[in-house]
Amino acid sequence: MPTERPKAGEYNPYYDKYISLIPGTDVVGTLASQLPKTVALLSSLSEQDGELRYAPGKWSLKEALGHLIDTERIMSYRALCIARGDNTPLAGFEQDDYARNGPHSTIRLTDLVEEFKNVRAATLSLFRNLRDEDWK
């Protein structure tokens, strides 16, 4: 497991706005502790709540959750590539295309919450089995 935060220059500066929000150095512990809290919050919402948009043309709560699910899958794949020493350039992804073309608005909120739990469990399994050198 990583024992220190990544240093400037070890990652694209764009991601600092996310990395800086992680408390401490235990990313796996943080991901694990977030899971029950996030699931409890999302499970307390109704299907109608899942349709809410904070403004016209903005993602619904279900689409935002779908974005989190898609992004976690993509970032986990990237972590796997890096850990395995794969030097293939990693493609970007256009989040708005994923949201527009994804099925999230038609999936029940409870099913999206279940999918989020499964994706997070897979991420945790991957990260827990990385060696120290894989994190670098």
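Reader: Which residues make up the largest nonpolar core?

Author: This is a predicted model, in which local features need pLDDT of at least 70 and side-chain atom pairs count only at pLDDT 80 or more, while totals for chains, interfaces and linings use all residues. Residues are numbered from 1 along each chain as its sequence is written, and side-chain values use heavy atoms, with hydrogens and water left out. The largest nonpolar core has 10 residues, namely L35, V39, L42, L65, I69, L109, L112, V113, F116 and V119. The elements giving two or more residues to this core are α2 (27-43), α4 and α6 (109-128), and α6 gives the most, with 5 residues.

Reader: What makes a set of residues a nonpolar core?

Author: The term means buried Ala, Val, Leu, Ile, Met, Phe, Trp, Tyr and Cys residues that are joined through side-chain atoms within 4.5 Å. Another core, of 9 residues, lies apart from the largest one and includes V27, L31, L124 and L130.

Reader: Which residues is V113 in contact with, leaving aside its neighbours within four places in sequence?

Author: With those neighbours left aside, V113 is in contact (heavy atoms within 4.5 Å) with V39, L42, S43 and L65.

Reader: Why is K62 called buried?

Author: Buried means under 20% relative accessible area, exposed means over 50%, and partly exposed lies in between, with a 1.4 Å probe and protein chains only. K62 has a relative accessible area of 2%, and therefore counts as buried.

Reader: How do you know that K62 forms a salt bridge with E47?

Author: A salt bridge requires a side-chain nitrogen of Lys or Arg within 4 Å of a carboxyl oxygen of Asp or Glu. The closest N and O atoms of K62 and E47 are 2.8 Å apart, so the pair meets that definition. K62 is in helix α4 and E47 in helix α3 (residues 47-50), 15 residues apart.

Reader: What does the salt bridge between E51 and K62 tie together?

Author: In this salt bridge the closest N and O atoms are 2.7 Å apart. Because E51 lies in the loop between α3 and α4 while K62 lies in helix α4, the pair ties together parts that are 11 residues apart in sequence. E51, at 38% relative accessibility, counts as partly exposed. Salt bridges that share partners join E47, E51 and K62 into one network.

How values were computed:
Helix = DSSP H or I, 4+ residues; strand = E, 2+ residues; numbered from the N terminus.
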